[in-house]
Amino acid sequence: MPGDCPFPVVHSKGGLACVSAERKVYCKPMCNEGQDFSFLRRTRVYEECSAATNNKWTTQYVGGNKLAVCNTPISGAPSAYFPKDQDCLKTKSDQDLEEE
């Protein structure tokens, strides 16, 4: 992670798609198919950590590096989910899937 940003917690029923640019880190929580977020994420699809956020994640969870929890049937943005038969580990281990 660039700067002094801590590593975010990756949920066991999902993963994170992260990118860094201009000394900022953006992470987009994603749930595995059949799982959902414990709160609606339609307008807040990514979290940020940078000097502007005091090197803390802009998460709705208080006092930590947890960006999301996947478990409850609520509908988030369609891009917030891994495709069927594909989870975070499978995506990272297959370069063709990662490019999609």
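This is a predicted model: local features need pLDDT of at least 70, side-chain atom pairs count only at pLDDT 80 or more; totals for chains, interfaces and linings use all residues.
Let's begin with what kind of link we are following. A disulfide is a covalent bond between the sulfur atoms of two cysteines. Searching the whole structure turns up 3 disulfides. If you number the bonded cysteines in sequence order, they pair as 1-5, 2-3 and 4-6.

Start with C5, whose partner is C49, at an S to S distance of 2.3 Å. The torsion about this S-S bond is -105°, and the link of C5 and C49 is left-handed. C5 sits in the segment before β1 (14-21) while C49 belongs to strand β3 (residues 47-49), so this pair ties together parts that lie 44 residues apart in sequence. How accessible are the two ends? C5 has a relative accessible area of 8% and is buried, and C49 is buried as well, at 0%.

Next, find C18 and C27, joined with an S to S distance of 2.0 Å. Here the angle about the S-S bond is 110°, and the link is right-handed.

Finally, look for C31 and C70, with sulfur atoms 2.2 Å apart. The torsion about their S-S bond is about -90°, so this disulfide is left-handed. Because C31 lies in strand β2 (residues 24-31) and C70 in the loop between β3 and α1 (88-93), the pair ties together parts 39 residues apart in sequence. Both C31 and C70 are buried.

Note on methods:
Residues are numbered from 1 along each chain as its sequence is written. Side-chain values use heavy atoms; hydrogens and water are left out. A disulfide is a pair of cysteine sulfur atoms within 2.5 Å. Helices (H or I, at least four residues) and strands (E, at least two) are DSSP runs, numbered from the N terminus. Buried means under 20% relative accessible area, exposed over 50%, partly exposed in between (1.4 Å probe, protein chains only).
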